[in-house]
Structure formats: structure tokens, C-alpha cells
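Please look over the sequence and the model below before reading on. The paragraphs that follow go through a few parts of the fold and the surroundings of the ligand.

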Amino acid sequence: MPFFTPKPMIEDTYRHRGLRQKLVEKLRQKGISNEAVLSALGKVPRHAFFDGALLSHAYEDKAFPIGEGQTISQPYTVAFQSEKLMVASGQRILEIGTGSGYQACVLLELGAVVYTIEYNEKLFERTRNFLPEMGYHPFFVLGDGSKGLRSKAPFDRILVTAGAPVVPTELKDQLAENGVLVIPVGTLDKQKMLRITRKGSTFTTEEFDNFAFVPLLGKDGWNGGNKNS
Ligand code: SAM
């Protein structure tokens with residue numbers, strides 16, 4: 001599957017905006033109720049992430065391939081994770097799994113300062129070049145996000161957008177006081193969305209729905225010796 005081709009000029013037509021509003025309404029019907037999150041998804045031009053043949057699918061509520069065996073997440077998943085993260089403007093967020101950069105754009109639209117880590121060098125290069133062309137400026141990092149980003153910790157929020165076999169201890173350690181970590185954890189086929197909140201040295205875990213993400217790689221990922229299936 002070829003990569004999408006970055007477009008220097010992003011055309012955002014009346015039709016695109018209309019399709020985006022329909023998508024937002026669909027997400028509302030599916031249970032997303034946080035107005036700031038819905039508004040953020042209503043602003044990011046998802047069609048800019050799609051190439052040629054797939055362009056007409058940009059505003060369907062589906063994940064799509066972006067090359068290197070990876071996907072741009074389903075809008076519902078992006079909305080669900082963003083809602084569970086409980087983002088406030090000005091917070092410092094670490095996103096693990098930059099991929100296409102779509103989720104990072106949503107977090108930026110929510111007013112966050114975003115650090116985003118990608119393991120795959122080609123995806124990292126592509127997205128680091130592409131997002132600024134659209135006016136989105138997270139801090140891009142190439143590396144193993146299962147280890148977090150100790151040099152920039154602590155973070156108010158940490159969001160993992162790949163399926164993990166375990167909750168990496170490093171990520172909990174890098175949460176600020178009252179910090180929140182949202183992470184899908186389970187087998188290679190199915191993961192439960194967890195929200196972990198830090199109060200001092202106490203971590204509270206809430207469990208939500210099941211999802212199916214591509215695997216988290218790296219030290220505390222699927223090629224680090226952890227196996228649940
Ligand atoms: N957030 C992305 C978006 O909005 O398009 C979707 C992420 S995609 C489902 C998962 C991404 O996690 C892939 O790009 C993959 O290369 C990356 N990944 C997997 N293991 C990683 C790790 N240990 N550190 C950083 N990124 C990782």
C-alpha cells in the first residue's frame with residue numbers, strides 16, 4: 001500500500017466541511033458527548049490524510065491503511081480516546097504512535113501542547129514534514145514510545161494509540177500528579193481501553209470498551225518479550 005502524498009495546499013471546500021459535520025453527528029449518535037472533542041474533530045481536514053483512490057472514504061467512520069502496515073485510526077476511536085483523556089487547554093500531552101498525525105491534530109485543536117513519538121522511521125519523516133504544511137505543530141520524536149519520553153516528563157496526559165500487551169511502568173512513572181494515561185491493553189487481536197489516573201503513588205484503573213489496534217512495538221510492546229496470546 002503506497003503512502004498518502006502530502007499536499008502543500010490543503011483545499012477545504014464547503015463539501016468537505018459538510019461531510020465532516022455529518023461525521024461529527026454520527027460520532028454524537030455513537031455516544032461521544034464531549035463538545036470540545038466533537039468540535040476538534042469537526043476542524044481537522046481528514047481528507048488531507050488520504051490519497052487518490054481512498055479520498056472519497058475520508059469522512060467514513062473507518063480506519064484506513066497509511067503504509068508500512070499501519071493505519072489512520074477510526075474517527076470514533078480517536079474521539080473515544082480523546083474524550084477519555086479529559087484534555088484541558090494548555091496541558092502537556094505525550095502521544096505514543098504518531099502514525100498519520102491525525103490524532104495529534106485533534107489534541108492540538110483541543111489546545112494541548114503535544115509531544116508525539118513514532119517508532120517507524122518512514123512514518124515519522126512523512127508526518128513530521130506533512131503536519132506543519134497543514135499548520136499543525138506538535139513536537140515530533142522518533143523512538144520507542146513504550147519507554148515514554150523521560151527527558152520531557154512529567155506529562156499531564158499520556159495517550160497510547162497502539163495495542164499494548166501490558167501497561168508500561170515507565171508510562172505510569174512519567175505521569176504528573178493527577179495525570180491520566182489512556183491505553184488499550186490486551187492480546188494482539190483485542191484490547192480493553194484502560195484509563196489510569198495518578199494520585200501521588202496511587203494509580204486507579206478504569207476499564208472501558210474493547211478495541212482492535214495495531215500492535216505496540218518496542219521494549220514494553222510486542223517485540224519486547226511480552227505475550228498475552
Ligand atoms: N495516532 C495515529 C493516527 O492518528 O493516525 C494512529 C496510530 S497507528 C494505529 C499506531 C502507530 O503506533 C503506528 O504508526 C506504529 O508505527 C506506532 N507504534 C507502534 N509501536 C510504537 C512504539 N513503541 N513507539 C512509538 N510508536 C509506535
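This is a predicted model: local features need pLDDT of at least 70, side-chain atom pairs count only at pLDDT 80 or more; totals for chains, interfaces and linings use all residues.

Met86 is not a glycine, and it belongs to the loop that runs between α3 and β3. Most residues other than glycine have a negative phi, and most peptide bonds are trans. With a relative accessibility of 40%, Met86 counts as partly exposed.

Asn178 lies in strand β7, residues 175-186, and counts as partly exposed because its relative accessibility is 41%. The peptide bond between Ala153 and Pro154 is cis, with omega at about 5 degrees. Pro154 sits in the loop between β5 (139-142) and β6 (155-160).

Next comes the ligand. The space it takes is the largest pocket, and 27 residues surround it, the closest being Gly97, Ser100, Glu118, Gly145 and Leu217. At least two residues of this shell come from each of β2 (70-72), β3 (92-96), α4 (102-109) and β4. Strand β2 gives the most, with 3 residues. A polar backbone atom of Gly97 is 2.9 Å from a ligand nitrogen, and a backbone N or O atom of Tyr119 is 3.3 Å from a ligand nitrogen. From the side chain of Asp144, an N or O atom lies 3.0 Å from a nitrogen atom of the ligand. Taken alone, the ligand exposes 600 Å², and the protein buries 99% of that.

Strand β4, one of the contributors to the shell, also holds Thr116, within residues 113-118. Is Thr116 buried or exposed? Thr116 counts as buried, because its relative accessibility is 0%. Its side chain makes a polar contact of 2.7 Å with the side chain of Thr98. Beyond its neighbours within four places in sequence, Thr116 is in contact with Glu95, Thr98, Pro138, Phe139, Phe140 and Val141.

Key
Residues are numbered from 1 along each chain as its sequence is written. Side-chain values use heavy atoms; hydrogens and water are left out. Helices (H or I, at least four residues) and strands (E, at least two) are DSSP runs, numbered from the N terminus. Buried means under 20% relative accessible area, exposed over 50%, partly exposed in between (1.4 Å probe, protein chains only). A polar contact is a pair of N or O atoms within 3.5 Å; within protein, one must be able to donate a hydrogen and the other to accept it, and residues adjacent in sequence count only if both atoms are side-chain atoms. Contact means heavy atoms within 4.5 Å. A residue is near a molecule or strand if one of its heavy atoms lies within 4 Å of it. Accessible areas come from the Shrake-Rupley method with a 1.4 Å probe; for residues, only the protein chains shown count as cover. On a 1 Å grid over the protein atoms alone, a cavity is a set of points where a 1.4 Å probe fits but cannot get out, and a pocket is an open set with protein on both sides within 12 Å along at least five of seven lines; lining residues have an atom within 4 Å of a point. A molecule sits in a cavity or pocket if more than half of its atoms lie within 2 Å of its grid points.
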